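Subject: Structure handover and notes

Dear colleague,

I am passing on the structure we spoke about, and my notes on it follow directly below. Please read them with the model open beside you.

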Amino acid sequence: MKKNSDFFRGLISGIPIGLGYLSVSFGFGIMAVGSGLSVFEAFMISLTNLTSAGQAAGVDIIASGGTLIEMAAVQFVINIRYALMAISLSQKLSGRFTFGHRLLAAYGITDEIFAVCSAKDGAITPAYMYGVIIISTLGWTSGTFLGAYAGQLLPSEVTAALGLMLYGMFVAVIIPPARKHKSVLFTVVVAAVLSVLCKWLIRSLSGGISVIICAVISAALAAVIFPKEDDEE
């Protein structure tokens with residue numbers, strides 16, 4: 001009974017995430033189909049990845065004919081934060097989290113799921129985390145399928161407008177911390193400027209390599225200019 005109770009609590013906690021993912025991934029589905037992927041391929045990308053920024057960058061690499069090495073490097077740079085989240089979250093896991101449970105739960109560690117699980121009072125059980133992950137994944141994959149299917153039917157003017165939803169989420173994610181921390185604002189501005197320069201001055205540079213360059217340079221500059229003191233940790 002306790003396991004079932006935790007699972008349903010997880011489902012309830014994950015409903016807001018699932019609803020948010022449903023709308024955002026609709027834009028990804030449209031973008032994926034517009035880049036030449038099928039509805040099934042777009043759906044499988046969302047099911048096996050569960051990472052908005054990584055998926056968007058991955059589709060861009062696929063559309064431009066990038067290499068597997070480029071794809072792996074881009075995904076590593078974009079998604080390395082999930083490993084840090086997993087390390088942090090491991091401090092709250094209950095004793096029921098065996099090695100197998102940890103492997104399964106690692107699949108569903110996203111920014112939003114990490115936030116919800118971190119804010120939960122008490123230890124996190126596998127059943128609770130699975131509840132959050134399942135409802136969130138359902139929202140993400142359902143939105144992708146609907147968006148990809150709609151992208152084949154709706155006029156290009158409409159799909160172009162709806163395709164901005166994914167990028168709207170990225171903007172919504174960075175604005176609050178950028179307003180609060182100068183270091184975040186600096187990183188965002190530098191990355192945006194570098195991205196524009198790469199796009200227009202180095203036209204032979206692929207999208208994947210551009211992402212790596214912008215992310216690494218902006219993060220390195222922010223770390224040097226805005227170092228974190230030991231007493232702030």
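Asn79 is buried, with a relative accessible area of 17%, where buried means under 20% relative accessible area, exposed means over 50%, and partly exposed covers what lies in between, all with a 1.4 Å probe and protein chains only. This residue belongs to helix H4, residues 68-89, helices being DSSP runs of H or I with at least four residues and strands runs of E with at least two, numbered from the N terminus. Leaving out residues up to four places away in sequence, Asn79 touches Thr51 and Gly54, a contact being heavy atoms within 4.5 Å.

Before going further, please note that this is a predicted model, in which local features need pLDDT of at least 70 and side-chain atom pairs count only at pLDDT 80 or more, while totals for chains, interfaces and linings use all residues. Residues are numbered from 1 along each chain as its sequence is written, and side-chain values use heavy atoms, with hydrogens and water left out.

On the chain as a whole, the protein chain has 11 helices and 0 strands, and buried residues make up 36% of its 233 residues. Of the contacts in the protein chain with a separation of 6 or more, 80% are between residues 24 or more positions apart. The chain exposes about 13,100 Å², of which carbon and sulfur atoms supply 71%; these areas come from the Shrake-Rupley method with a 1.4 Å probe, and for residues only the protein chains shown count as cover.

Leu50 is found in the loop between helix H2 (39-49) and helix H3 (52-63). Its phi is near 55 degrees, a positive value in a residue other than glycine, and Leu50 is buried, with a relative accessible area of 3%.

In helix H1 (residues 2-34) I would point to Asp6, which counts as buried at 5% relative accessibility. The side chain of Asp6 makes a polar contact with the side chain of Thr125 at 3.1 Å; such a contact is a pair of N or O atoms within 3.5 Å, where within protein one must be able to donate a hydrogen and the other to accept it, and where residues adjacent in sequence count only if both atoms are side-chain atoms. Setting aside neighbours within four places in sequence, Asp6 is in contact with Arg96, Thr125, Ala127 and Tyr128. As for Tyr128, the charged end of Lys120 sits over its ring, 5.0 Å from the centre, the criterion being NZ of Lys or CZ of Arg within 6 Å of the ring centre and within 35 degrees of the ring normal.

The structure also holds 4 aromatic pairs, for which rings of Phe, Tyr and Trp (its six-membered ring) must have centres within 6.5 Å, with planes under 30 degrees apart counted as stacked, over 60 as edge-to-face and the rest as tilted. In one of them, the ring centres of Tyr21 and Trp140 are 5.3 Å apart and the planes stand at 75 degrees, so the pair is edge-to-face. This pair links distant parts of the chain, with Tyr21 in helix H1 and Trp140 in helix H7 (residues 126-153), 119 residues apart. Tyr21 is buried at a relative accessible area of 7%, and Trp140 is buried at 2%. Phe145 and Tyr149 form a stacked pair, 6.3 Å centre to centre with 15 degrees between the planes. Phe145 counts as partly exposed at 40% relative accessibility, as does Tyr149 at 46%.
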